[in-house]
Amino acid sequence: MSVRSASVENMTEPSSLTVDERRAAGEADEAALLADGPRADELVWARGLSKKFGEFTAVDGIDISVRRGEAFGFLGPNGAGKSSTMRMIGAVSPATDGRLRILGRDPGTDGPAIRARLGVVPQTDNLDQELTVRENLLIYGRYFGIPRAQIRARADELLDFVQLTDRADDLVEPLSGGMKRRLTIARSLINEPELLLLDEPTTGLDPQARHALWDRLFRLKQRGVTLVLTTHYMDEAEQLCDRLVVMDKGRIAAEGAPAELIGTYSTREVLELRFATGENESHADGLADLAERIEVLPDRLLLYTDDGDGAATAVVERGLRPASVLVRRSSLEDVFLRLTGRSLVE
Amino acid sequence: MAFGTQEAPSDADLPWSVRRSLPRGSQAVFEGKMLNYKGNWKGSVVSSVLEPVLFLAAMGISLGTLVDQGGRLDQGVDYLVFLAPGLLAATAMQTATFESTYPIMGALKWHKTFEGILSTPVKVRDLVTGHLLFILFRLVTTLAVFLAVMGAFGALEMPLGLLALPAAVLTGLAFAAPVSAFAAWVQNDAGFAALLRFGIVPMFLFSGTFFPVDQLPAVLQPVAYATPLWHGVSLTRGLSVGQLDPLLAMVNVGYLAVLLLVGVWLARRQFAKRLVI
Ligand SMILES: Nc1ncnc2c1ncn2[C@@H]1O[C@H](COP(=O)(O)OP(=O)(O)OP(=O)(O)O)[C@@H](O)[C@H]1O
Ligand SMILES: [Mg+2]
C-alpha cells in the first residue's frame, strides 16, 4: 500500500522526489502491479473494470475474481450492467478502463485464444434460424476448428443432454422459445469449454426445463467446468451459485456466498403483512419499533426481525388486523431489496 | 465428454503462435454460408441463372434484329454479341449486391448470427473474408452457366472469351466488398432501396450494358465512365468479343482491384464498429 501511495505522489508532484527515489518507486510499483495479477486458479480476474457507451457508464470500476471450479453469479436489476460485464468477460466487448484477465490472458490481445476455451449463452439467442437444430451445432463447432466427425458425435450427445434429439432435424425458426434456449445452451458446450458464461440462462424456460437445466449445470460443475451466470431468479442463484455479487448501477453493491449475504444484509426472519390496498404505507410508522427495518412495498409490508412470530403477535396485540400474516426465513430477495431498493422479479 | 479440467486442454501445450492460427475462421464462415445456401439454392439458381438467360434471349434476339438492321455497332459485331458480356457483368453486380445487402443486415441486426460467431475464435476479418469467399463461389457458378449459354448463342470469341469469366467475377467482388460495408453502415433496409434506385439500377441502364456510353449526352459520359460497372463491362466485353485494348484493360482491372481492396478495408472497419462494442 505504501508503495502505491508513493507512486501516486510521484505522479502528482514529480519535483518533490529525486530521480533515484522516483526510479525506485517506479520499480517497486511495477513489481506490485505484477504481483497484483490473477492467481493461477483465477479464471476471471478484473480490477477497476469499466465500460462506457459514449458518456454513459454501464460498468463502473468493478473488481471480480472467479476461481476454477466455482459457480459465480451476478444479480442485479435491469440495466445494472450484468450483460455488459459478461460481454467483456466473453472477450467480445473491449473494456473502456481497468484490467481484465480471462484464463490468465488479456482479452485485448488474446481474444481468439480465450474464446476458444469459453462457452457463451448470450441473453438473447442468436441461433441461425434458417438451419436445423443439428446444423446449428455442426457449424458452430466448425467456428472452433473442431473436425467434423468429432462435432457430429458431440452434437448427438449434446442434443440428448438438452432433450432435443427428436427435433434434431427440424428448422430452428418454429421451435418454442424454451427449446431455442436449450439449443443455445447445447451450442455453448460444443467446444467443451473450461469456463461457461450464461446470461440469464433460464429466462423463458418452464419450471420443469429450469430444474432440468440446473441439474445439468450442476453436473457440468462437477466435471470441473467453471460457471459464471446472471439471473433474476433468487432460487436459481441460491441453487447454483457458490458465490455471487449484487450489481446496481454499474457497481458491485455486495459480494459473498448466498448464506453470507443473507446473514450480513438481512435478519433471520421476515414478517410479511398485507393490509387493504393503499393502507400498507400508513401502518409502517406505527410498526417501526417492532422490527430492525421495515420495507414498504405497494402490496405489503416487510418487517425484518429475528423473531417473526413475536412481531406478529405484537401486531395483533396492537389491534391491527392485516388481511394476511406470513412469517418466513430471509432470502436473497430481501438482500436484493435492501441493496437495490427493488424487488428481484418485478 | 471431456469438459474443463478433466482432460488436459488439447491446445495448451502448443506454442502460443501455433495455437493462435489453429482454427481457420474465414473457411468456417464460408462453410456456414454454404450450409445456409444449401437450403435455398434452387430459388437462387432460378433467379440468377434463368433470368439473365431469358433476358439475353429476349433482348438479344428481338431487339438485336432491330439494332442490327439500323447499322452495326462500333466493334462491328451483332447486338447479341455486344449485349451478352454487358449482361454478364451486370449479373455479377446484381448477384454480389443482393448477397451483400439483406444477408449482411440479417446476420448483423435481425438474427445477430454474426454476434454468435464472434463468441468463437473467429475474428471480424474472418467474417468479411468468409463472406467474400461465398460471393466468389456464387459468382463463379452463376457466371459459368451464363458464359456457357453465351457460347451456345455464339456470343463468345474463343479462347480469349473464357477470360470474361474471371473478369466478371472480379467485377462482382469489387461490388460485394463496398456494398457489404454499406450494409453494415446503414441502420435499416431503407438504405438498400436507395442503393438500388440511385446506384445499381442507373448503372445497369447507363453504364454500357445495353449501348455504348459515347451515345449518352456529353455531360453524362464522364459519370458513366467513372462507374465500376462500366469498367467491369468494358473489361468483360473486350475479352468476350475478342477485341481487347490492353491499356484500357489494365485501367479496368486496376480500378476494380482498388475498389475491392478499399471495400474490404471499409467492410472490416464497419463490421467492427457494429459488432465490437
Ligand atoms: N450497445 C450499447 N449501447 C449503449 N448503451 C448500452 C449498450 N449496451 C448496454 N447499454 C446500456 O448499459 C446499461 C447496462 O446494460 P446491461 O445490458 O449490461 O444491463 P443488464 O444488467 O444486463 O440488464 P438486464 O437485467 O435488463 O439484462 C443499460 O443502461 C443499457 O442501456
Ligand atoms: Mg442483461
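Which residue forms a salt bridge with Asp125(A), and how far apart are the closest N and O atoms? Keep that pair in mind while you load the model, which is predicted.

**Stop 1: a salt bridge inside chain A**

Select Arg181(A) and Asp125(A). Arg181(A) is the partner, and the closest N and O atoms of this salt bridge are 2.7 Å apart. Now colour the chain by element. Across all chains, the whole structure holds 31 salt bridges.

**Stop 2: ligand 1**

Move to ligand 1. It lies between chains A and B. Show its surroundings: 15 residues, with Gly79(A), Lys82(A), Ser83(A), Ser84(A) and His232(A) the closest.

Start at the backbone of Gly79(A), where a polar atom is 2.8 Å from an oxygen atom of ligand 1. Go on to Ser83(A), whose side chain places a polar atom 2.7 Å from a ligand 1 oxygen atom. Then pick Gln123(A): an N or O atom of its side chain is 2.9 Å from an oxygen atom of ligand 1.

How much of ligand 1 does the protein bury? Alone, the ligand exposes 630 Å², and the protein buries 65% of that. Two elements give two or more residues each to the shell: strand S2 (56-67) and helix H3 (82-89), both of chain A. H3(A) gives the most, with three residues. Colour the shell by class and you get six nonpolar, seven polar and two charged residues.

**Stop 3: the end of H3(A) and beyond**

Follow chain A into the loop between H3 and strand S4 (97-102), and select Ala91(A) there. Check its backbone: phi is near 60°, a positive value in a residue other than glycine.

**Stop 4: Arg328(A)**

Next, select Arg328(A) in strand S13 (residues 324-329) of chain A. Its side chain makes a polar contact of 2.6 Å with the side chain of Glu272(A). Leaving out residues up to four places away in sequence, Arg328(A) touches Arg268(A), Glu269(A), Val270(A), Glu272(A), Leu302(A) and Asp334(A).

**Stop 5: the contact between chains A and B**

Zoom out to show both chains. The contact takes 42 residues from chain A and 35 residues from chain B. Together the two chains bury about 3,400 Å², and 57% of that is on carbon and sulfur atoms.

How many salt bridges are there between chain B and chain A? The count is three. One to display is Glu135(A) with Lys38(B), whose closest N and O atoms are 3.9 Å apart.

Hide chain A and look at the side of chain B that touches it. Helix H1 (16-20), helix H2 (25-70) and helix H5 (113-117) of chain B each supply at least two residues. H2(B) gives the most, with nine residues. By class, this side of chain B has 16 nonpolar, 12 polar and seven charged residues.

**Stop 6: a cis bond in chain B**

Go to the loop between helix H6 (124-152) and helix H7 (164-185), the place of Pro159(B). Is the peptide bond from Met158(B) to Pro159(B) cis or trans? That bond is cis, with omega near -5°.

Methods:
Residues numbered from 1 in each chain as written. Chains lettered and ligands numbered in written order. Predicted model: local features only at pLDDT ≥ 70, side-chain atom pairs only at ≥ 80, totals over all residues. Heavy atoms only, no water. Contact = heavy atoms within 4.5 Å. Buried area = accessible area lost by both parts, 1.4 Å probe. Salt bridge = Lys/Arg side-chain N within 4 Å of Asp/Glu carboxyl O. Helix = DSSP H or I, 4+ residues; strand = E, 2+ residues; numbered from the N terminus. Nonpolar A, V, L, I, M, F, W, Y, C, P; charged D, E, K, R; others polar. Near = heavy atom within 4 Å. Polar contact = N/O pair within 3.5 Å; in protein donor to acceptor, adjacent residues only side chain to side chain. Areas by Shrake-Rupley, 256 points an atom, 1.4 Å probe, with all protein chains shown as cover.
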